[in-house]
Amino acid sequence: MPQFATAQDQRYAQALMQPALIRIIDNIRKQLDASTWEGSYRDDMRWPAETTAEQKQQYLALQEMLEKATPEEHDQIQATLAQLPSPDHRYALCLKKQDQQQEIDVWQLCYRLCNAADTADTKNHTGPITIDTSLLDLEMGDVDWIALDKKAKRLVEETFQALPTP
């Protein structure tokens with residue numbers, strides 16, 4: 001997870017990441033519909049180095065239980081999960097066209113979408129991220145879905161345009 005310039009930027013990022021993911025995925029779908037590339041998604045979990053096999057099993061079992069838990073059980077399960085190491089989720093778009101394969105980190109696209117600097121590669125961005133507040137309606141305290149979709153569309157189009165051509 002990238003560093004944020006301020007605590008406010010981190011709060012803005014928390015508000016934007018789920019809507020950003022929704023808009024990025026939707027725009028990827030639209031690009032794939034018009035493209036000769038075939039796409040699929042892969043969700044990888046990367047555990048902290050010190051995580052034991054038992055902790056991983058316990059974490060995954062608790063995550064499953066969380067889906068069916070009553071409100072009372074939910075709080076207890078969350079408290080137990082908070083004491084366990086948790087994995088980073090790497091969400092990748094895997095593209096294939098003839099003998100070519102490309103992989104795009106979807107979360108990096110989301111961070112790039114939220115980043116005011118709009119760097120070409122947020123993963124290698126050396127400084128802290130400042131959130132693009134034009135993606136938020138600060139008066140209403142909500143996401144500006146139109147601005148978010150326009151920027152997501154542009155980023156996904158640029159990503160597909162940068163793919164190699166046979």
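The model is a predicted one, in which local features need pLDDT of at least 70 and side-chain atom pairs count only at pLDDT 80 or more, while totals for chains, interfaces and linings use all residues. Residues are numbered from 1 along each chain as its sequence is written, and side-chain values use heavy atoms, with hydrogens and water left out.

**First selection: F4 and Y111.** Because F4 lies in the segment before α1 and Y111 in helix α4, the pair ties together parts that are 107 residues apart in sequence. Helices (H or I, at least four residues) and strands (E, at least two) are DSSP runs numbered from the N terminus. Both F4 and Y111 are buried, where buried means under 20% relative accessible area, exposed means over 50% and partly exposed lies in between (1.4 Å probe, protein chains only).

**Next, Y41 and Y91.** Y41 lies in strand β1 and Y91 in strand β2, so the pair ties together parts that are 50 residues apart in sequence. Y41 is partly exposed at a relative accessible area of 33%, and Y91 is partly exposed at 23%.

**Then the strands.** Strands count as paired if DSSP finds at least two bridges between them. β1 (residues 38-46) and β2 pair in the antiparallel sense over nine bridges, and R42 has A92 of β2 as its bridge partner. β2 also pairs in the antiparallel sense with β3 (residues 100-105), over six bridges; in β3, Q101 is the bridge partner of K96. In the hairpin of β2 and β3, with two residues between the strands, select Q98, which takes a positive phi near 55 degrees.

**Last, the cores.** A nonpolar core is a set of buried Ala, Val, Leu, Ile, Met, Phe, Trp, Tyr and Cys residues joined through side-chain atoms within 4.5 Å. The largest has 31 residues, and those with the most contacts inside it are L16, I24, L93, L95, I131 and F160. Helix α1 gives the most to this core, with eight residues. A second, separate core of seven residues includes W47, Y59, I77 and L84.
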